[in-house]
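Please work through the exercises below with the model at hand. Each task is followed by a solution in steps.

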Amino acid sequence: MKRISLTQYLVEEQRMHNSIPAELRLLIEVVARACKTISHAVGKGALGDVLGSAGSENIQGEVQKKLDILSNEILLEANEWGGHLAAMASEEMESIHPIPHRYPMGEYMLLFDPLDGSSNIDVNVSIGTIFSVLKAPDGMVTPTEKDFLQPGSKQVAAGYAVYGPQTVLVFTTGDGVNCFTLDREMGSWVLTQKNMRIPSETKEFAINASNARHWHPPVTRYVDEMLAGKTGPRGKDFNMRWIASMVADVHRILNRGGIFMYPADAREPDMPGKLRLMYEANPMAFIIEQAGGAATNGQQRIMDIQPHKLHQRVPVFLGSSNEVELVTAYHKAG
Ligand code: AHG
Ligand code: MN
Ligand code: MN
């Protein structure tokens, strides 16, 4: 089989569809290189002294792991000097990170969750990186947080890496979803799945059921009906999976269908859900939609939400379109 590298894919995509300008190509290559470095660190585990807590907390009040901080630094350093970015923002930094003045400023803005699934780091379960790319608003001179507050529909690219038994990179530039696998010996990304499509029908769902007592009625109804199986209203048996790394759950859904849910619940009305809109929900929603699936917050399309804060949270229902439509309809019905 002829191997197509990430670089060849990007060059040919630009030549054929004019969809990946040179600066965006550079951006994707730099992010991919950073993910390769993170993958290497992840793979060393205890031998690389990368496990355990860093003894600090991020803006969300979550304990930072050593790998959260290391991955954040790797992404920042890799992306500072290329001239393709105006600013960056990350789950692990309270404020945005403008490109230092010593480097040229580009037209894109990069947001990331440097290490997704932190609770799985120390137990050798798949984790990953999520990224989203926006364009700097016209006429922007000094980037501020406000410049980032664009709805997900404005993303020009989004992707994730999974550091698991295999390291894969999945991304979209709005022209379908492709998957690249890291050839660890060669150090190169090789195209391994083209134009990924999510089946619209599924028998698999993902939710942290330990929160069931806090759920709102539409979520309880939807999950109860699935749990009732063949003799219940859905007339079929369902299976459940929950990896606690969104990247790994989304990767499974992209490959064989399913629905992923992290709903808002009755605990903290001012903090709906757990996942963050700008660098978790939006990029995943873009990828899922590009693969023929759907993504809502229970009420509306995630990518239509106008953000008002960099680190704002959002309820998430994404995956196979029939299921996402059903749980969204239950929300709308009250
Ligand atoms: P992060 O490690 O970036 O904070 O994100 C973890 C997220 C997501 O990846 C996962 O689906 C979810 O948190 C797991 O939450 P629970 O611990 O509630 O299962
Ligand atoms: Mn995350
Ligand atoms: Mn994270």
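The model is predicted, with local features requiring pLDDT of at least 70 and side-chain atom pairs pLDDT 80 or more, while totals for chains, interfaces and linings use all residues. Residues are numbered from 1 along each chain as its sequence is written, chains are lettered from A and ligands numbered from 1 in the order in which they are written, and side-chain values use heavy atoms, leaving out hydrogens and water.

**Exercise 1.** State the domain division of the protein chain.

Solution. Step one: the chain divides into domain 1 (6-193) and domain 2 (204-332), with bounds from an automatic or database domain assignment. Step two: their C-alpha centres are 23 Å apart. Step three: the contact (heavy atoms within 4.5 Å) takes 50 residues from domain 1 and 33 residues from domain 2.

**Exercise 2.** Describe the largest cavity and its lining.

Solution. Step one: a cavity is a set of points, on a 1 Å grid over the protein atoms alone, where a 1.4 Å probe fits but cannot get out; lining residues have an atom within 4 Å of a point. Step two: the structure has one cavity of 30 Å³ or more, and the largest cavity holds about 30 Å³ of space, a volume being the space filled by probe spheres set on the points. Step three: its lining consists of Ile 207, Asn 208, Asn 211, Trp 215, Tyr 262, Pro 263 and Asp 265. Step four: four of these lining residues are nonpolar, two polar and one charged.

**Exercise 3.** Is Thr 296 buried or exposed, and what does its side chain contact?

Solution. Step one: Thr 296 belongs to strand β14 (residues 294-296), a strand being a DSSP run of E with at least two residues. Step two: Thr 296 is buried because its relative accessibility is 11%, the limit being under 20% (1.4 Å probe, protein chains only), with exposed over 50% and partly exposed in between. Step three: its side chain makes a polar contact with that of Thr 328 at 2.9 Å; such a contact is a pair of N or O atoms within 3.5 Å, one able to donate a hydrogen and the other to accept it. Step four: beyond neighbours within four places in sequence, the contacts of Thr 296 include Arg 301, Pro 315 and Phe 317.

**Exercise 4.** Locate Asn 18 and Ala 244, and give the phi of each.

Solution. Step one: Asn 18 sits in the loop between α1 (6-17) and α2 (22-44), with a positive phi near 55°. Step two: at 62% relative accessibility, Asn 18 is exposed. Step three: Ala 244 occupies the loop between β12 (239-240) and α6 (246-256), and its phi is near 70°. Step four: Ala 244 is partly exposed, at 33%.

Notes:
Helices (H or I, at least four residues) and strands (E, at least two) are DSSP runs, numbered from the N terminus. On a 1 Å grid over the protein atoms alone, a cavity is a set of points where a 1.4 Å probe fits but cannot get out, and a pocket is an open set with protein on both sides within 12 Å along at least five of seven lines; lining residues have an atom within 4 Å of a point. Ala, Val, Leu, Ile, Met, Phe, Trp, Tyr, Cys and Pro count as nonpolar, Asp, Glu, Lys and Arg as charged, and the others, Gly among them, as polar.
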